[in-house]
Amino acid sequence: MSDKEKEMETVTAAAENEEESMVIVFKKPYVFEHEEYTEIDLSCLEDIQASDMIAVNKIMKRTSPGIDVMPEVSMEYACNIAAKATQKPIEFFLQLPPREAMRVKNKVLGFLFGSE
């Protein structure tokens, strides 16, 4: 195997590991309630149950009434699920900068809808 092929294999493996990782490293430190965070670990999503998802649906119906055909693809749903899984207050996720919030949403959606 050539050096070029080895380098490509290493880059590909690193990208796959990053995609599989449930840790989101923030681009810049995030301060919440006087504490600085550089990352958030969402691996605890593995521990949520269907009852947690139902509870989040009930919260959303109370706080955002109206017809939502697929609430599980919304930012609000992702933030609520992340909050429930990490045991952090919902405000932690609601106050994230937009790009970091989208990364959380994408990670939650990827977890929920990922293929086996």
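A nonpolar surface patch of about 570 Å² is formed by I67, V69, M70, V73 and F113. Patch members have over 30% relative accessible area and no salt bridge, with nonpolar side chains (Val, Leu, Ile, Met, Phe, Trp, Tyr) joined within 5 Å and like charges within 9 Å; a salt bridge is a side-chain nitrogen of Lys or Arg within 4 Å of a carboxyl oxygen of Asp or Glu. Areas come from the Shrake-Rupley method with a 1.4 Å probe, and for residues only the protein chains shown count as cover. F113 sits in helix α5, residues 98-113.

The model is predicted: local features need pLDDT of at least 70 and side-chain atom pairs count only at pLDDT 80 or more, while totals for chains, interfaces and linings use all residues. Residues are numbered from 1 along each chain as its sequence is written, and side-chain values use heavy atoms, leaving out hydrogens and water.

As for the overall layout, the protein has five helices and two strands, running α-β-β-α-α-α-α along the sequence. Helices (H or I, at least four residues) and strands (E, at least two) are DSSP runs numbered from the N terminus. The accessible surface comes to about 8,200 Å², and 53% of that belongs to carbon and sulfur atoms.

Now to helix α3, residues 75-86. Its twelve residues reach 16 Å from first C-alpha to last, close to the 16 Å expected at 1.5 Å a residue (1.5 Å times one less than the number of residues). Nine of the twelve are buried, so α3 is largely enclosed by the rest of the structure. The buried set is Y77, A78, C79, N80, I81, A82, A83, A85 and T86, and these pack against β2 (35-41), α2 (50-63), α4 (90-94) and α5. Just past the helix, Q87 takes a positive phi of about 65°.

The largest nonpolar core has 26 residues, with I40, L42, L45, F93, V104 and V108 making the most contacts inside it. Seven residues, the largest share, come from α3. Such a core is a set of buried Ala, Val, Leu, Ile, Met, Phe, Trp, Tyr and Cys residues joined through side-chain atoms within 4.5 Å. Leaving aside residues up to four places away in sequence, V104 touches I24, I40, L42, A82, F93 and L96, a contact being heavy atoms within 4.5 Å.

Notes:
Buried means under 20% relative accessible area, exposed over 50%, partly exposed in between (1.4 Å probe, protein chains only).
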